[in-house]
Each structure stands twice: as C-alpha cells, then as structure tokens.
Amino acid sequence: MSKLILEIDFKGVVCLKCVTVFICTVMMMYFCCMNVSADDLSEISAKSAIVIDGETGDVLFEKNADEVRAPAALVRIMVGALALKTIQERGIDPTTATGTYTLQCDNLITGTGVRVANMKIGETWTVQDLLTMAMVQTAADACVTLAFALSGSETQFVADMNALAQEIG
C-alpha cells in the first residue's frame, strides 16, 4: 500500500492575507471567466446551483438555490487558514507541538457521517500531521483534534474561525 505524504513548510508562511487573497483571486478568475450557454445549464448534475448575470444581477438559472448545503470546502480552507495563523502568531513548532484524539473529540463526530482518518482515542499526533490530514483527507477527527490542540476546544476554534472570517472580510 502506498502512502501519500504531504510536507507543509510552516516557516515559509509569509502572510495569511496574501494566501487568502491569492486563493480568492484564482477562484474568481476561474468562475468569472467561464462562458455558460443555456445548453450547459440543462446538464448541471449538482444538487443545487445558481447562475446570476454579473452585470444585471438577474437569475439566469437556479436549481434548489435556497436549499441549505454544508459548506465543507469553505470550512476546510478556514481550518487551514486559522491553523496557519495560530501557528505563526504563537510561534508554534508544528513538528513538535501535538494534539491527542480524546473521547471528547470522538463524541463530537460520532454518528455525523463525516469523513475521518480513523484516529484512535489516546493517539497523539503532531500539529503538522493533524493539519495535513485535515487538509488532504478532509478528516473531521483530525480537525477536531487540531481545534483542541490550538484553541482548547471546538467551540473556541469555531469562534476563532468566525473572527478570522470577519478579519479577512
């Protein structure tokens, strides 16, 4: 069995806002530069979608546009952004700082149906490994353990993510 190993160089983090602006710019360029025809809209396989005319604001197409959807990818980006910001601001060495997967962590995700890395209660991981699992595998158990390691609780980590979202704009 081969293993994917992702090394993240935390010392190279220059500016969280620069990274955020870059990601947003790439996403905007990708989505804003797309030409969409009516034929393309009839083939949308997504569970929900909306297409809005950028100049007039008119809704050109919608499919379950008001349906509440889980913001998984956005949450993953915010977990990574907050973790990197916290590591940088507190001078944490992610290769030596650790987090332990506890029963409390397990109780927060059990039965939710989210993706996990199958961490075992009592296992201790470096912050670097937790962040890698959170970002690459979208592993909820790694995200919760990272939240406790960096912010003391999931609740505080979520509050910190919301504060970061306000800061970013």
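Me: What do β1 and β2 form, and how many residues lie between them?
Reply: In this predicted model, β1 and β2 form a hairpin with 6 residues between them, and Gly 57 in the turn has a positive phi of about 80°. Strands here are DSSP runs of E with at least two residues, numbered from the N terminus, and two strands pair if DSSP finds at least two bridges between them.

Me: Which way do they run, and how many bridges join them?
Reply: β1 and β2 (residues 59-63) run antiparallel and are joined by 4 bridges; Val 51, for instance, has Phe 61 as its bridge partner in β2.

Me: Changing topic, why is helix α5 largely enclosed?
Reply: Helix α5 (residues 127-136) is largely enclosed by the rest of the structure because 7 of its 10 residues are buried, among them Val 127, Leu 130 and Met 133. Helices are DSSP runs of H or I with at least four residues.

Me: What about numbering and confidence?
Reply: Residues are numbered from 1 along each chain as its sequence is written, and side-chain values use heavy atoms, leaving out hydrogens and water. Because the model is predicted, local features need pLDDT of at least 70 and side-chain atom pairs count only at pLDDT 80 or more, while totals for chains, interfaces and linings use all residues.

Key: Buried means under 20% relative accessible area, exposed over 50%, partly exposed in between (1.4 Å probe, protein chains only).
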